[in-house]
Amino acid sequence: MRITYDPAADAVYIHLTGNPLTRGRTTIQAPTPPGTDGFIALDWKDGRLVGIEILDASTRLHHDLLEEAESNS
């Protein structure tokens with residue numbers, strides 16, 4: 001597992017596989033709890049969850065996680 005953060009987009013991507021992301025993924029939006037704004041996308045490939053993208057990451061995730069993530073800027 002690997003976590004990357006793009007501060008310009010304020011987006012985190014959690015890579016759940018060591019394989020490079022390839023075409024043919026299916027992306028669906030995950031629901032958030034009632035009263036919570038946010039966007040979380042789940043990437044699926046060949047019936048397996050391969051990645052999770054979180055927008056507005058600085059308001060949704062702990063800052064220590066963002067500081068430890070690889071920069072993707």
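Modeller: Strands here are DSSP runs of E with at least two residues, helices are runs of H or I with at least four residues, and both are numbered from the N terminus. Two strands count as paired if DSSP finds at least two bridges between them. This is a predicted model, in which local features need pLDDT of at least 70 and side-chain atom pairs count only at pLDDT 80 or more, while totals for chains, interfaces and linings use all residues. Residues are numbered from 1 along each chain as its sequence is written, and side-chain values use heavy atoms, with hydrogens and water left out.

The part I have picked is the sheet. Strands of a sheet pair through backbone hydrogen bonds, either parallel or antiparallel. Here, six strands make an open sheet with mixed pairing, and their order is 3-4-5-2-1-6. Strand 3 (26-30) and strand 6 (70-71) are at the edges with a single partner strand each, so one side of each has no neighbour in the sheet.

Now look at strands 4 and 5. Strand 4 (residues 39-45) runs antiparallel to strand 5 (residues 48-55), and seven bridges join the two. In one of these pairings, Ala41 has Glu53 of strand 5 as its bridge partner. The loop between strand 4 and strand 5 contains Asp46, whose phi is near 55 degrees, a positive value in a residue other than glycine. With 71% relative accessibility, Asp46 counts as exposed; the scale is buried for under 20% relative accessible area, exposed for over 50%, and partly exposed in between, using a 1.4 Å probe and protein chains only.

Together with Met1, Leu16, Ile28 and Leu49, Trp44 makes a nonpolar surface patch of about 470 Å². A patch takes residues with over 30% relative accessible area and no salt bridge, joining like charges within 9 Å and nonpolar side chains (Val, Leu, Ile, Met, Phe, Trp, Tyr) within 5 Å. The areas come from the Shrake-Rupley method with a 1.4 Å probe, and for residues only the protein chains shown count as cover.

Next come the charged pairs. Side chains of opposite charge can pair when their charged atoms come close. A salt bridge means a side-chain nitrogen of Lys or Arg within 4 Å of a carboxyl oxygen of Asp or Glu, and the whole structure has two of them. In one, Asp43 pairs with Arg25, with 3.5 Å between the closest N and O atoms. Asp43 belongs to strand 4 and Arg25 to the loop between strand 2 and strand 3, so this pair ties together parts 18 residues apart in sequence. Asp43 is buried, at 6% relative accessible area, whereas Arg25 is partly exposed at 33%.

In the other, Glu70 pairs with Arg2, and the closest N and O atoms are 3.2 Å apart. Because Glu70 lies in strand 6 and Arg2 in strand 1 (residues 2-6), this pair ties together parts that are 68 residues apart in sequence. Glu70 is partly exposed, at 39% relative accessibility, and Arg2 is partly exposed too, at 38%.

Let us finish with strands 1 and 2. Thr4 lies in strand 1 and His15 in strand 2 (residues 11-15). Thr4 is buried at 4% relative accessibility, and His15 is buried at 12%. A polar contact of 3.4 Å joins their side chains. That term means a pair of N or O atoms within 3.5 Å; within protein, one must be able to donate a hydrogen and the other to accept it, and residues adjacent in sequence count only if both atoms are side-chain atoms. For plain contact, heavy atoms must be within 4.5 Å. Leaving out residues up to four places away in sequence, the contacts of His15 include Arg2, Leu21 and Val50.
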